[in-house]
Amino acid sequence: MTDSTSNPSDEATQNAALQKAVIVGIQVDQDPRVLDEAVRFARLLNAPLVVAHVDVTRFVTYEDPDGYVHSAPIDINFDAGAAEFEAVEAAAATQLRDRGITWTARQLVGDPALAIKQLANKLDAQLIVVGTRKRGLGESIREFFTGSVAARLTHRQHRSVLVVPLGELVPDDQKEIWPE
């Protein structure tokens with residue numbers, strides 16, 4: 001079940017079945033710890049799990065009154081978002097196989113924090129789970145322009161946001177978190 005293949009009435013039915021879900025924001029090649037933590041909390045909360053991938057190469061053109069989102073690509077010749085979603089969905093299926101949890105994947109579009117917030121509102125989610133960003137100059141520049149998804153989520157809605165630390169930890173005696 002994905003937003004990219006559903007029609008408006010299917011999405012409303014799916015949303016009804018996913019009320020009080022745990023939402024986990026996943027990117028391509030995401031550290032498996034993020035999904036593992038989301039599974040752990042979905043089990044603790046006895047909730048379904050929604051694996052959400054946000055296609056930042058598309059933007060929302062309009063939204064129907066029933067909540068169905070119509071989108072368009074930023075670059076007409078660029079369709080990497082669909083391939084990324086397929087990769088995220090396949091990785092999640094592999095990682096969640098035989099885990100005994102109800103889950104679905106959703107392709108969202110636009111700004112990651114706002115897209116996840118909107119999905120959380122639709123599903124009246126209990127928890128949002130995201131990972132920290134990778135360290136590096138490119139990621140520092142991206143965060144400078146777009147901001148931290150986790151920080152923007154925590155300041156723009158009322159749900160709890162679990163931020164899972166990723167990669168190598170920064171030693172306490174290191175002044176700069178993202179050295180050049």
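Predicted model: local features only at pLDDT ≥ 70, side-chain atom pairs only at ≥ 80, totals over all residues.
Is Arg 159 buried or exposed? Arg 159 has a relative accessible area of 8%, and the cut-off for buried is under 20%, so Arg 159 counts as buried.

What does its side chain reach, then? The side chain of Arg 159 comes to 2.8 Å from the backbone oxygen of Ala 125. The Arg 159 side chain also makes a polar contact, at 3.0 Å, with the side chain of Asn 121. Leaving out residues up to four places away in sequence, Arg 159 touches Ala 120, Asn 121, Asp 124, Ala 125 and Ile 128.

Ile 128 takes us to the strands. Ile 128 belongs to S6 and is the bridge partner of Ile 23. S1 and S6 pair in the parallel sense, over three bridges. S6 also runs parallel to S7, residues 160–164, and five bridges join those two strands. Within that pairing, Gly 131 stands opposite Val 164 in S7. S6 itself, residues 127–131, is mostly covered, with four of its five residues buried.

Now, confidence. The protein averages a pLDDT of 80, and 72% of the residues score at least 70. Which elements mark the lowest and highest mean pLDDT? The lowest is helix H5, residues 137–146, at 47, and the highest is strand S1, residues 22–25, at 98. Over residues 1–6 the pLDDT is below 50, and in the model this stretch has 16 contacts beyond near neighbours in sequence.

Key. Residues numbered from 1 in each chain as written. Heavy atoms only, no water. pLDDT = per-residue confidence, 0-100. Contact = heavy atoms within 4.5 Å. Buried < 20%, exposed > 50% of the residue type's maximum accessible area, 1.4 Å probe, protein only. Pairing = 2+ DSSP bridges. Polar contact = N/O pair within 3.5 Å; in protein donor to acceptor, adjacent residues only side chain to side chain.
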